[in-house]
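Good morning, and thank you for coming. I would like to take you through one protein chain, moving from single residues to the chain as a whole. Please keep the display in view while I speak.

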Amino acid sequence: MAGPVKVTPEMDAFHQEVSKDAFEPLWMAAPEVMHRQPKSKPIPYIWKREVIERHMNKAAEIINFNNGGDRRVLMLINPGMRDLEPYGWGATTQTLSVCVQILLPGEEAPPHRHTQTALRYIVKGEGAYSAVEGEKVYMSEGDYVITPKGLWHEHEHEGTEPMMWMDCLDTPLIFYLHGTFFEPHALKKQPITRKSSINKYQGGMVRPLADHQPSQAPLPAYKYNSTLAALKGLSDHYDPDPVEGYVVEYINPSNGQSANENIGAWLQKLPAGFHGKAHRHVNSVVYHIKEGKGYSLIDGIRFDWEKGDYLVIPTWALHEHVNTSETEEAILFSTNDIPIFERMELQRVEEYSENKGFQVEVGKFSPAQVNV
């Protein structure tokens, strides 16, 4: 096996010479660009509920759609990506941009479409709807709503209290690939031309004949109670997975694949007292804590979480999840980039084999230790 390159004065002069002509020596670059295993630029990080709500409530006071664009949104920027211009590419991981959006009663966010894939998970409130490609989709807490790339979408709040939701887009990936296209709609509101697809899929895992041919969004909204019932069916009759507990994945019912082509989404239950074993994978994950309280060990560092927090697990980071309550379940919603890695045949998962599968805690995370 070749060792480190021993650079002579003559080689150093040559390296400088070729660099001026837009070359670089692979014999020097290879260890930096072809790692033996993934080396993540994003870092593990947690955004706390009280901080998020403070900033969003302030944004609701000072930002309106006449002077603050057409969406009131804060991006969760990973400190490890902060140096990227512009705006850290909006990156929560190297492929995903997770944001928090607030919509006030009576507000309308006009229709547009883009090459980024998008989704929404409703954190708080009810009464608003998204119109997705001609279908009006009313949203309430816990619902999962998709907007695949290229589809017209808009929001309007017909309720009486502010609504807040999590957005997730593949913005960093599309930005890096120089594939961004954005188009505002010519009309203030898109025409509503489709009936509610939720009624069409009340039968659960059966497919209406009209959807025999796959389409991007045959079911744009997944109601929370139905998804929670699916988790209950698992937990009532099966043992939990030793790593993840109980998990269901949101899928496109017309083709069986991920509901959004580039972004995977799960709803996960950690039973009371659950302590999952550790593993790592090439894909990154961003968790929103829907219910419960616990912690995750990420490369030996403890990240305490509770309802309303957001936690990011970067590529190839060893992690395990713990529900600290002995009486209450924890419910976690998460987004991931598994579909991208699987499509490129780069996905890899590795179980932790030491200490019976559990990490040793070596420290506790504090935002003060990170240069945000």
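His178 counts as exposed, because its relative accessibility is 72%, and the cut-off for that word is over 50%. Please bear in mind that what you see is a predicted model. To find His178, look in the loop between α4, residues 171-176, and β11, residues 182-184. The backbone at His178 deserves attention: phi is positive there, at about 55°, although the residue is not a glycine.

Most residues other than glycine have a negative phi, and most peptide bonds are trans. Asp299 sits in the loop that links β17, residues 293-298, with β18, residues 301-306. Is Asp299 buried, partly exposed or exposed? Its relative accessible area is 44%, so Asp299 is partly exposed.

The bond that runs from Glu85 to Pro86 is cis, and its omega is near 5°. Pro86 belongs to the loop between β2, residues 73-75, and β3, residues 97-103.

I come now to the cysteines. How many disulfides does a search of the whole structure find? The search finds 0.

As for distances, Leu231 and Ile313 are 82 residues apart in sequence, and their C-alpha atoms are 23 Å apart in space.

The surface has its own features. Val5, Val7, Phe14, Trp27 and Met28 form a nonpolar patch there, and together they have about 420 Å² of accessible area. One of them, Val5, lies in the segment before α1, residues 9-20. Val5 counts as partly exposed because its relative accessibility is 35%.

Finally, the chain as a whole. It contains 7 helices and 23 strands. Its radius of gyration is 22 Å, close to the 21 Å that the globule rule gives for 372 residues, so the chain is as compact as a globular protein of that length. Taken along the principal axes, the box filled by its C-alpha atoms is roughly 70 × 50 × 45 Å. Of the 372 residues, 47% are buried. Among contacts between residues at least 6 apart in sequence, 77% join residues at least 24 apart. The chain exposes about 19,300 Å², of which carbon and sulfur atoms supply 55%.

That concludes my presentation. Thank you for your attention.

Note on methods. Residues numbered from 1 in each chain as written. Predicted model: local features only at pLDDT ≥ 70, side-chain atom pairs only at ≥ 80, totals over all residues. Heavy atoms only, no water. Patch = residues over 30% accessible without salt bridge, like charges linked within 9 Å, V, L, I, M, F, W, Y side chains within 5 Å. Areas by Shrake-Rupley, 256 points an atom, 1.4 Å probe, with all protein chains shown as cover. Salt bridge = Lys/Arg side-chain N within 4 Å of Asp/Glu carboxyl O. Helix = DSSP H or I, 4+ residues; strand = E, 2+ residues; numbered from the N terminus. Buried < 20%, exposed > 50% of the residue type's maximum accessible area, 1.4 Å probe, protein only. Rg over C-alpha atoms; globule rule 2.2 N^0.38 Å. Contact = heavy atoms within 4.5 Å. Disulfide = S-S within 2.5 Å.
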